[in-house]
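Me: I would like to learn how to read a two-chain model, going from the contact between chains down to single residues. Could you take me through the features one at a time?

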Amino acid sequence: MINKIVRSAEAAVADIHDGATVLIGGFGTAGMPSELIDALIAQGARDLTIVNNNAGNGDTGLAALLKTKRVRKVVCSFPRQTDSHVFDALYRAGEIELELVPQGNLAERIRAAGSGIGAFFSPTGFGTLLAEGKETRVIDGRNYVLEYPIRGDYAFVKALRGDRWGNLVYRKTARNFGPIMAAAAKCTIAQVREIVNLGDLDPEAVVTPGIFVTRVVEIPVAARTVEAPGAAA
Amino acid sequence: MNRFTRDQMAARVGRDIPNGAYVNLGIGLPTMVANHLPKDREIILHTENGLLGMGPAPEAGAEDLDLINAGKQPVTALPGASYFHHADSFGMMRGGHLDCCVLGAFQVSVKGDLANWHTGAKDAIPAVGGAMDLAIGAKSVYVMMEHLTKQGESKIVAHCTYPVTGLSCVNRIYTDLAVIDVTPSGLVAIDIVPGLSFEELARLTGVPMQDQTGGGGTRNAA
């Protein structure tokens, strides 16, 4: 019997090694798997590379992980927000590396990793600072930049419901990076609000098929309240 | 000097968005366009974080933190809305499916180069979000910005001095002084704030521009 259900967030993240690349879903706090991040903080892995759209909000979740100084590098599109003071201080002190990626290239690089694409040409960023040093090509008269996949050793995603095969459905705009990150990591850990029986998820409505998911852990309700929304994407 | 108000600018943009258009409104001034879309048109708003059919802000107390816009503010979903993941969302931009996006800007060049993501200041923490994808993705890229900096310098320039977001990507510029098309043959003023002459607009802007504000023939100024 396949059973991807893990009893706790702590058990789900127990084997994460120093130096791992962890893809973390969420756009701001929507879809951020905060309880898995808290478990990773407690677990203690260090020298991590974190891939997320942002670089933490307030002092909880991803920001709390950064505060431990166990993150070597952040790959993201929009670190600077009104409440990104933890990242800002580390960056200004030279204590964290930043790879800034246009948001669509970030998403497509993650998608490419999950789809077995070796690299792709994107028009986004051509002629800008963020494409400096990258290979370019003119295709049908248009300029493109060569972009490589972003793979994870682990992915943390937050979904609404999941079953023991790892099938997932999401909630509203909390879906964001979840489905593409789930496919792009060697080990994908999903925290879901509710675990349901096999067959309870409508196959027509499953967003992430279970093949992309390694572990499912139930976190019944958001254990914390989410801060007021910050500014800007 | 007369200036269009921010509401007048937003209303002017709104009038130029046709029925049935799929539109992305950027953060800041462009967000105001949502309040000025003509009521008799069905226009579908896209937000980069995975929603088509975005509605207005919810009433106080009805906020859902799983339902937000690109600025991470709570929004609503209209009947007919759809949710999708980030790769699909940016495929809608890059793939040329969005009819129009409206962006803020630090500078736009006469060739339509856009600078709106980074001042280039040494101590600034860079952040780009979806700006570069929107700049090259939508079929029509409109910029809304004040015509002049606080120091009175034109934000429409021969060459961008700030780091660019995209090259030759802006189609039309809405400012508090004028509406200006970016065409292969250069800038063309198509609307101007009442009380301001084309000659004065051209002098303030300081780059070559053609005059089609009067509905008559074309005049040139440099």
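Reply: We can begin with the interface, keeping in mind that this is a predicted model. On the side of chain B, 35 residues are in contact with 41 residues of chain A.

Me: Which elements of chain B give two or more residues to the side that touches chain A?

Reply: Those elements are helix H2 (86–94) and helix H3 (131–137) of chain B, and H2(B) supplies the largest share, five residues. By residue class, the side of chain B that touches chain A divides into 20 nonpolar, nine polar and six charged residues.

Me: How should I read a helix, and how many residues of H2(B) are buried?

Reply: The general idea is that an α-helix has 3.6 residues a turn, so residues three or four places apart point the same way. In this case H2(B) is mostly covered, with seven of its nine residues buried, namely B:His86, B:Ala87, B:Ser89, B:Phe90, B:Met92, B:Met93 and B:Arg94. These buried residues pack against helix H5 (103–115) and helix H6 (178–183) of chain A, and also against strand S2 (44–47) and H3 of chain B. Just after H2(B) comes B:Gly96, which takes a positive phi of about 75 degrees.

Me: Which residues have the most contacts inside the largest nonpolar core?

Reply: That core has 135 residues, and those with the most contacts inside it are A:Leu66, A:Ile110, A:Ala155, A:Met181, A:Ala184 and B:Val143.

Me: How do I read strands, and in which sense, parallel or antiparallel, do S5(A) and S7(A) pair?

Reply: In a regular strand the side chains alternate between the two faces of the sheet. Here strand S5 (residues 120–122) and strand S7 (residues 142–147) of chain A pair in the antiparallel sense over three bridges, with A:Phe120 standing opposite A:Glu147. Strand S6 (residues 136–139) of chain A also runs antiparallel to S7(A), joined to it by four bridges, and A:Thr136 stands opposite A:Val145. The hairpin of S6(A) and S7(A) has two residues between the strands, and in it A:Asp140 takes a positive phi near 50 degrees.

Me: Finally, how compact is chain A as a whole?

Reply: Chain A has six helices and 11 strands. Its radius of gyration is 18 Å, close to the 17 Å that the globule rule gives for 233 residues, so chain A is as compact as a globular protein of that length. The C-alpha trace of chain A spans about 50 × 45 × 30 Å along its principal axes, and 54% of the 233 residues count as buried. Among the contacts in chain A with a separation of 6 or more, 78% come from residues 24 or more positions apart.

How values were computed. Residues are numbered from 1 along each chain as its sequence is written. Chains are lettered from A and ligands numbered from 1 in the order in which they are written. This is a predicted model: local features need pLDDT of at least 70, side-chain atom pairs count only at pLDDT 80 or more; totals for chains, interfaces and linings use all residues. Two strands pair if DSSP finds at least two bridges between them. Two residues are in contact if their C-beta atoms, placed from the backbone, lie within 7 Å. Ala, Val, Leu, Ile, Met, Phe, Trp, Tyr, Cys and Pro count as nonpolar, Asp, Glu, Lys and Arg as charged, and the others, Gly among them, as polar. A residue is buried if 20 or more other C-beta atoms lie within 10 Å of its own, exposed if 12 or fewer, and partly exposed in between; C-beta atoms are placed from the backbone. A nonpolar core is a set of buried Ala, Val, Leu, Ile, Met, Phe, Trp, Tyr and Cys residues joined through C-beta atoms within 7 Å. The radius of gyration is taken over C-alpha atoms; the globule rule is 2.2 Å times the number of residues to the power 0.38.
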